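Dear colleague,

Please find below the structure that I am handing over to you, followed by an account of what was found in it.

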Amino acid sequence: MSKKKITIALLDMYNGEPNQGMRCIIDVISRFNPIVDFKIFDVRGKCELPEINLFDIYISTGGPGNPLIGDGTWDTKYYEFIDALTKWNTENEIKKHVLFICHSFQMACKHFGLAEITKRNDTSFGVMTIHKTKEGLLDPLFEGLSDPFYAIDSRDYQVVQPKLSVFKKKGAKIISLEKIRDHVQYERAIMAVRFTDYFVGTQFHPEADPISFVSHLRNKEAKDKIRNMKGKRKFRNMLEDLMDDDKIYRTNETLIPNFLRTAINDLIKTKKIMSN
């Protein structure tokens, strides 16, 4: 891996389970060739984590299971790694940029003590509307996305009951919330957090593209489960949303590219200043 390029560590949290997330993230990263290079680390399966001094940008993926439970080894090492990245950013001019997605986002929220992680009453799966908060309207991560915008959601757990005093103390901001549901009394879950200027995370899957979703539906059992869960009308509407250029396509083409572009520009700018 050439250090002349911007280096990206892709932290695979899928624990060996088949998924479309890795393909989608690699597809987005590949749009930044030839200025970036990347390497994959199997965090949960092989307890692999990168050497911090070798990588500039980190993308930590979604994954299956309960975000509150690890095996005591990989999860401990993962939390220590987050702490090491945090420490690095307090001590060095050239910062490390991190994007946490879904399972990783829930673990990060837990680790930073920002909110409670609870099990949902039912699985959230499909094309969902994501609503920007006041802070989210100004966040560069969402630049180019409408309010609300659309993303693929797939989870059994949720981040709720924000500890606002902790948010304030750490300078973190809630930048998006889940859809408004007038027919139920459930608290709206937190869908994205700006942890610091350099750490950000989303509950939803910004990497997802329509191909990944259609591929999932080729599994008849999964397809029947989603259809039964949503009903025929909502299921049909969801398929129409998938093909809409302004919904999943737009988020896929915007959010992670925004994260990478911001990180790359910051790294180039800082390195140039330091070389003068």
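The lining of the largest pocket is made up of 13 nonpolar, 15 polar and six charged residues. Please bear in mind throughout that this is a predicted model.

The pocket

In total, 34 residues line the largest pocket, and its volume is about 1,000 Å³. Nearest its centre lie Tyr14, Pro18, Phe125, Ser154 and His216. Several elements contribute to the lining: the helices α1 (21-30), α4 (103-111), α6 (210-217) and α7 and the strands β5 (116-132) and β6 (149-160) each supply at least two residues.

The sheet

Two of the strands that contribute to the pocket lining, β5 and β6, also belong to an open sheet of nine strands. The order in this sheet is β2-β1-β3-β4-β9-β8-β7-β5-β6, and the pairing is mixed. Strands β2 (36-42) and β6 form the edges; each has a single partner strand, so one side of each remains without a neighbour in the sheet. On average, neighbouring strands are turned by 25 degrees against each other, direction ignored.

Helix α9 (residues 248-275) packs on this sheet. The strands that α9 touches are β1 (6-12), β2, β3 (57-60), β4 (97-101), β5, β6 and β9, and the direction of α9 makes about 150 degrees with that of β3.

Within the sheet, strands β8 (residues 190-194) and β9 (residues 199-202) run antiparallel and are joined by three bridges. Arg194 has Val200 in β9 as its bridge partner.

Helix packing

Two packed helices are described by the angle between their axes and the distance between the axes. Helix α8 (residues 232-242) takes part in two such contacts, as set out below.

With helix α7 (residues 220-230), α8 packs at an angle of about 115 degrees, and the axes are 6 Å apart. The crossing of α7 past α8 is right-handed. On the α7 side the contact involves Lys223, Ile226, Arg227 and Lys230, which meet Lys232, Lys234, Phe235 and Met238 of α8. Classified by residue type, this contact holds three nonpolar, no polar and five charged residues.

With helix α6, α8 packs at an angle of about 145 degrees, and here the axes are 10 Å apart. Pro210, Phe213 and Leu217 of α6 make this contact with Phe235, Met238, Leu239 and Leu242 of α8. The contact of α6 with α8 has seven nonpolar residues, with no polar and no charged ones.

Backbone details

Which residues are joined by a cis peptide bond with omega near 5 degrees? Asn33 and Pro34 are joined in this way, and Pro34 lies in the loop between α1 and β2. A cis peptide bond also links Asp147 to Pro148, with omega about 5 degrees; Pro148 is located in the loop between β5 and β6.

A further point concerns Cys102, a residue other than glycine whose phi is positive, near 50 degrees. Cys102 is found in the loop between β4 and α4.

With kind regards

Notes. Residues numbered from 1 in each chain as written. Predicted model: local features only at pLDDT ≥ 70, side-chain atom pairs only at ≥ 80, totals over all residues. Heavy atoms only, no water. Axes fitted to C-alpha atoms, helices over the stretch in contact; angles between N-to-C directions. Helix = DSSP H or I, 4+ residues; strand = E, 2+ residues; numbered from the N terminus. Left-handed = near helix turned anticlockwise from the far one by under 90°. Contact = heavy atoms within 4.5 Å. Nonpolar A, V, L, I, M, F, W, Y, C, P; charged D, E, K, R; others polar. 1 Å grid on protein atoms, 1.4 Å probe; cavity = no way out; pocket = protein on both sides within 12 Å on 5 of 7 lines; lining within 4 Å. Points joined across faces, edges and corners; volume = space filled by probe spheres on them. Pairing = 2+ DSSP bridges.
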